[in-house]
Amino acid sequence: MGQFVDQVVFACQINLMVKYEEHLDAVFTALAHPARRAMLSWKPISEKCSPEGLRPLEVSNMSLALYGHPFSSYTQKVLIALYENELPFEFRCIGPDTPQHVAEWLRRWPLAKFPLLLDGERQVLETSIIIEHLQLNHPGQLRLLPENPAALDVRFLDRFFDLHVMSPVQHAVSGALTGVPEKRKEALEFAQAKLELAYAWLEKQLAGRDWANGKDFTLADCAAAPSLFYADWTHRIAETYPVLRAYRARLLARPSFARAVEEARPYRALFPLGAPDRD
Ligand SMILES: N[C@@H](CCC(=O)N[C@@H](CS)C(=O)NCC(=O)O)C(=O)O
C-alpha cells in the first residue's frame with residue numbers, strides 16, 4: 001500500500017500531483033501514508049495541466065480518450081504511438097484543474113496507474129497493451145509491432161526499457177520525494193548502478209541500428225524515448241556510450257516525441273532530482 005500511495009502522489013516524475021491536494025487529501029488521509037506529509041509540505045504550483053499544444057486535444061467521433069499527464073513518462077509512451085499514426089483522441093489530463101478526470105480515472109482504475117485509454121466503452125491499461133490495442137483496432141500507416149517472430153524482439157525491448165531503465169528512474173524519484181537525504185542518496189545510488197548496467201547493455205545492443213529493433217520505429221522506441229529521456233536526467237549517459245547517446249538524440253528529434261517533450265516542458269521544474277538545463 002505504501003508504494004501504491006507513493007506512486008499515486010508522485011507518479012513517476014509527476015510530483016506535481018501535490019496539486020491534487022485539495023481533491024485527494026481525503027484519500028491520503030484515509031490511507032494514513034507518510035507520502036501525505038511530504039505532499040503537504042509542498043507548495044502548490046500555479047501551472048495549469050494544459051500546456052499549449054496538448055490541450056484541448058482533438059475530440060473526435062473515434063471516441064479514444066487518454067487519461068494521463070504530459071510530464072508522465074508512461075503517458076508520453078502512449079502519446080508517441082498516437083502521434084505517430086495521427087490518431088485523434090481526447091486528452092483527459094489528470095490534474096488539479098480537472099478533478100472530474102482524476103475522479104473518473106481512480107474510479108476506473110483503483111490501482112491508480114496511468115495512463116488509461118478509453119476506447120468507447122472499453123478501457124485499456126498498461127502502456128504496452130494500450131499500444132498493441134491501438135494497432136489492432138486503429139491501425140495506422142506505421143506498424144508499431146511487426147509480425148512474429150520479430151514481434152517478440154520488440155516486446156522484449158519494450159520490457160527492457162520499462163523494467164531496466166524506467167523502473168530505476170522511478171525508484172530514484174521516489175527516494176528523492178521522501179525528503180529524507182539518506183533515502184534520496186540511497187535510492188539514487190541504487191538507480192545509478194542499475195542504469196549503468198542498462199546503458200552498457202544498450203550500447204552494444206544498439207550498434208548499427210537506427211531504432212531499438214533495427215530500421216523501423218516500433219513499440220520499443222515508444223518505451224525507449226521517455227525512459228532514456230528521464231534516465232539521462234537521473235544518471236547522465238556518459239560519453240563512453242556514444243551509440244546510446246546518439247540513439248537518445250534521434251529519439252528527441254523524432255517529431256512524435258519532440259511534441260511530447262514540448263508539451264511537458266512547463267513541468268520541468270517539478271522533477272524532484274532537478275531537471276538539467278538541456279533537451
Ligand atoms: N506498467 C505501467 C506503468 C505505469 C506507471 O507506472 N505510470 C505511472 C505514471 S508515469 C503511475 O501511474 N504511477 C502511479 C503508481 O505507480 O501508483 C504501464 O506501462 O502502464
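## Basis of the model

Residues are numbered from 1 along each chain as its sequence is written. Because the model is predicted, local features need pLDDT of at least 70 and side-chain atom pairs count only at pLDDT 80 or more, while totals for chains, interfaces and linings use all residues.

## Helix α9

Helix α9 covers residues 219-234, and its 16 residues reach 23 Å from the first C-alpha to the last, close to the 22 Å expected at 1.5 Å a residue (1.5 Å times one less than the number of residues). Helices here are DSSP runs of H or I with at least four residues, numbered from the N terminus. Of the 16 residues of α9, 16 are buried, that is, with 20 or more other C-beta atoms within 10 Å of their own, where 12 or fewer would be exposed and values in between partly exposed, C-beta atoms being placed from the backbone.

## Helices α4 and α11

Helix α4 (residues 73-84) packs against helix α11 (residues 255-264) at an angle of about 130 degrees, with the axes 8 Å apart; axes are lines fitted to C-alpha atoms over the stretch in contact, and angles run from 0 to 180 degrees between N-to-C directions.

From α4, Q76, L79, I80, Y83 and E84 meet S256, F257, R259, A260 and A264 of α11, contact being C-beta atoms, placed from the backbone, within 7 Å.

## Residue E262

E262 lies in helix α11 and is partly exposed, with 14 other C-beta atoms within 10 Å. E262 and F71 are 191 residues apart in sequence, yet 9.8 Å apart in space, C-alpha to C-alpha.

Methods:
Helices (H or I, at least four residues) and strands (E, at least two) are DSSP runs, numbered from the N terminus. Two residues are in contact if their C-beta atoms, placed from the backbone, lie within 7 Å.
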